[in-house]
Amino acid sequence: MNAHDLLLQEIEQTCQQLLACLHQEFASLSQREYQTVLTLSQSKQLLVEKLDALDEQVRNSRNIQQHTRWPALRNTLQECHLQNASNGKLLARSYQLSKETLGILTGQGKTSDTTYNLSGIQQSSASTLANITA
């Protein structure tokens, strides 16, 4: 096995480990197992750092991107990127829900005077009752 094959094999193994970590992170986020998410984020960070170091080696290698295994590795890296983006969206949504719940529980939740009619069109409910006095 030559140096390019060894480097590509190491990248492939690291990518597969990262992808597995990202899938575990998604499952943990979905089940609100935040302690597990913290542990996984540390593992994820180490794997990303390793990929960064391997990327440096790729940039210093000649013609490695012409290797037959390169397109599959690029696809796996793209899959990691997409899964990480999905995890980020799920985490942001969870954060938003927690923030809204905290606002409701503390009485600082926003009250909205906007409602929707039967057709789904947004309308202001405050204007309907604004002229009524007791």
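**Entry 1: Asp55 and its partners**

I began with Asp55, which comes out as partly exposed at a relative accessible area of 35%; this is a predicted model, and I read every value below as computed from it. Asp55 forms a salt bridge with Arg59, and I noted 3.0 Å between the closest N and O atoms. The two residues are 4 residues apart in helix α2, so about one helical turn separates them. I then looked up Arg59 itself and found it exposed, with a relative accessible area of 54%.

Arg59 has a further salt bridge, to Glu56, where the closest N and O atoms are 3.3 Å apart. Here the spacing in helix α2 is 3 residues, which again means a separation of about one helical turn. Glu56 is partly exposed at 37% relative accessible area. I recorded Asp55, Glu56 and Arg59 together as a network of salt bridges.

I found 5 salt bridges in the structure, and next I took the one in which the side chains of Lys50 and Glu10 meet, at 3.8 Å from N to O. This pair links distant parts of the chain, since Lys50 lies in helix α2 and Glu10 in helix α1, 40 residues apart. Lys50 is partly exposed, its relative accessible area being 34%, and Glu10 is also listed as partly exposed, at 32% relative accessibility.

**Entry 2: cysteines**

How many disulfides does the structure hold? I counted 0 disulfides, and I went on to check the sulfur distances for two of the cysteines.

For Cys21, the closest cysteine sulfur belongs to Cys80 and is 9.7 Å away, which is too far for a bond; the cut-off I applied was 2.5 Å between the sulfur atoms. Cys80 is likewise in no disulfide, and its nearest cysteine sulfur, that of Cys15, is 5.2 Å away. Are Cys21 and Cys80 buried or exposed? Cys21 is buried, with a relative accessible area of 5%, and Cys80 counts as buried at 4% relative accessibility.

I turned to Thr76, which is found in helix α3, residues 70-105, and counts as buried at 13% relative accessibility. Leaving aside neighbours within four places in sequence, I found Thr76 in contact with Cys15 and Gln16.

Glu12 sits in helix α1, residues 3-30, and is partly exposed, with 33% relative accessibility. When residues up to four places away in sequence are not counted, Glu12 touches Arg69 and Leu73. I also looked up the distance between Glu12 and Thr76: their C-alpha atoms are separated by 8.1 Å, although the two residues are 64 residues apart along the chain.

**Entry 3: helix α3 as a whole**

My last look was at α3, which has 36 residues and reaches 52 Å from its first C-alpha to its last, close to the 52 Å expected at 1.5 Å a residue. Which residues of α3 are buried? I listed Trp70, Leu73, Thr76, Cys80, Gln83, Asn87, Ser94 and Gly103. I then asked what covers the buried residues of α3, and the cover includes α1 as well as α2, the helix of residues 34-60. Following α3 comes Gly107, for which I noted a positive phi, near 80 degrees.

Terms used:
Residues are numbered from 1 along each chain as its sequence is written. This is a predicted model: local features need pLDDT of at least 70, side-chain atom pairs count only at pLDDT 80 or more; totals for chains, interfaces and linings use all residues. Side-chain values use heavy atoms; hydrogens and water are left out. Buried means under 20% relative accessible area, exposed over 50%, partly exposed in between (1.4 Å probe, protein chains only). Contact means heavy atoms within 4.5 Å. The expected span of a helix is 1.5 Å times one less than its number of residues. A salt bridge is a side-chain nitrogen of Lys or Arg within 4 Å of a carboxyl oxygen of Asp or Glu.
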